[in-house]
Amino acid sequence: MSNFVCESNRIAGVSFSVHPMSDRFVEIITTAIEHVDTSKVWINTDDVTTLVRGRITHVFDVTKAIFLQAAKSGVHVVFNATYSVGCPGDTAGDVYMAEDDSTLNNQESTQIKQEVATKFALYPLGGGDYMNTIYSQIEAMKQYVHVSGTHYATRLDGDANDVFNGLEKVFIELEEGGSTHTVMTITMSANSPSVKGGNE
Ligand SMILES: Cc1ncc(C[n+]2csc(CCO)c2C)c(N)n1
């Protein structure tokens, strides 16, 4: 196996999908993606997911905005995402690292009030003390939303803007803390007709 070297590339990225539980799913997905300003990120949509790459701030700004635009329809929408920061990078995505941190969609996203239920899991790769890293970030999320334990993930209940903003801060902290490669998975549900928390 070759040794991967990724010292300086801090490009962030995400592979995500939105799943509106409606016959109008094509329109809801495509209008949400088209509505959002993606000029500060590298973006590519295919039949399975959308990939977004660039600075952490813009990766979160764009994914939060696309989810909120889809959820604004009132339809039950599930968002599924794997975020990654660290290596590897490439020249096509790296040019977007030169963008400033001023967000293009946050002002509009903030206007959308949307209650969500979320499960997230954090994977700080390449470090030794990973459980303490995870526990301190779960603790940090308590200042933004309601946090509860579950198997294989942590549950977050609250406003979508608060959940996304908190998770973005978690990601930035791990990146700035020198973690070589961090992965985070998120499943978020809006407008579900199910009883909150199910049978647990
Ligand atoms: C964010 C996001 N990106 C891509 C897909 C995959 N997808 C499924 S249906 C559809 C519209 C018709 O092509 C697309 C693009 C998704 N679900 N969510």
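Mentor: Start at Gly178, which follows helix 6 and has a positive phi, near 95 degrees. Helices here are DSSP runs of H or I with at least four residues, strands are runs of E with at least two, and both are numbered from the N terminus. This is a predicted model, so local features need pLDDT of at least 70 and side-chain atom pairs count only at pLDDT 80 or more, while totals for chains, interfaces and linings use all residues. Residues are numbered from 1 along each chain as its sequence is written.

Trainee: How do you know that the span of helix 6 agrees with its 17 residues?

Mentor: The expected span is 1.5 Å times one less than the number of residues. For residues 160-176 that gives 24 Å, and the end C-alpha atoms are 24 Å apart, so the two agree.

Trainee: Which residues of helix 6 are buried?

Mentor: Ala160, Val163, Phe164, Gly166, Leu167, Val170, Phe171 and Leu174. Buried means 20 or more other C-beta atoms within 10 Å of the residue's own, exposed means 12 or fewer, and partly exposed is in between, with C-beta atoms placed from the backbone.

Trainee: What makes these buried residues of helix 6 line one face?

Mentor: Down the axis of helix 6 they fall within an arc of 165 degrees, so they line one face. The arc is that of the directions from the helix axis to the C-beta atoms. In general, an α-helix has 3.6 residues a turn, so residues three or four places apart point the same way.

Trainee: What covers that side of helix 6?

Mentor: The cover includes helix 2 (56-71), strand 4 (77-85), strand 5 (115-125), helix 5 (130-141), strand 7 (153-159) and strand 8 (181-190).

Trainee: Which residues of helix 1 are buried?

Mentor: Ile28, Ile29 and Ala32. Their arc down the axis of helix 1 is 95 degrees, so they also line one face. They pack against strand 1 and helix 2. Turned away from that buried side are the exposed residues Val26, Glu27, Thr30 and Glu34.

Trainee: Which residues are closest to the ligand?

Mentor: Ser17, Val18, Val26, Ile29 and Thr50, out of 13 that surround it. Near means a C-beta atom, placed from the backbone, within 6 Å. Strand 1 (12-20) and helix 1 (25-35) are the elements that give two or more residues to this shell. Strand 1 has the largest share, 4 residues.

Trainee: Which members of the largest nonpolar core touch the most others?

Mentor: Val59, Phe67 and Ala70, among 45 residues. Helix 2 gives the most to this core, with 10 residues. Such a core is a set of buried Ala, Val, Leu, Ile, Met, Phe, Trp, Tyr and Cys residues joined through C-beta atoms within 7 Å. Beyond four places in sequence, Ala70 is in contact with Val18, Pro20, Ile28, Ile29, Ala32 and Val77. Contact means C-beta atoms, placed from the backbone, within 7 Å.

Trainee: Why is Phe120 called buried?

Mentor: Phe120 has 23 other C-beta atoms within 10 Å, so it passes the cut-off. It sits in strand 5. Outside four places in sequence, Phe120 touches Ala153, Thr154, Leu156, Leu167, Met184, Thr185 and Ile186.

Trainee: Why does Ser84 count as buried?

Mentor: Because 21 C-beta neighbours lie inside 10 Å of Ser84. Its place is in strand 4. Val14 is 70 residues away along the chain, yet the two C-alpha atoms are separated by 6.1 Å.

Trainee: Is Tyr152 buried or exposed, and how do you know?

Mentor: Tyr152 has 7 C-beta neighbours inside 10 Å, so it counts as exposed. It lies in the loop between strand 6 (146-150) and strand 7.

Trainee: What makes Asn191 partly exposed?

Mentor: Asn191 has 17 other C-beta atoms within 10 Å, so it falls in between the cut-offs. It lies in the segment after strand 8. Asn191 is another residue other than glycine with a positive phi, near 60 degrees.

Terms used
Two residues are in contact if their C-beta atoms, placed from the backbone, lie within 7 Å.
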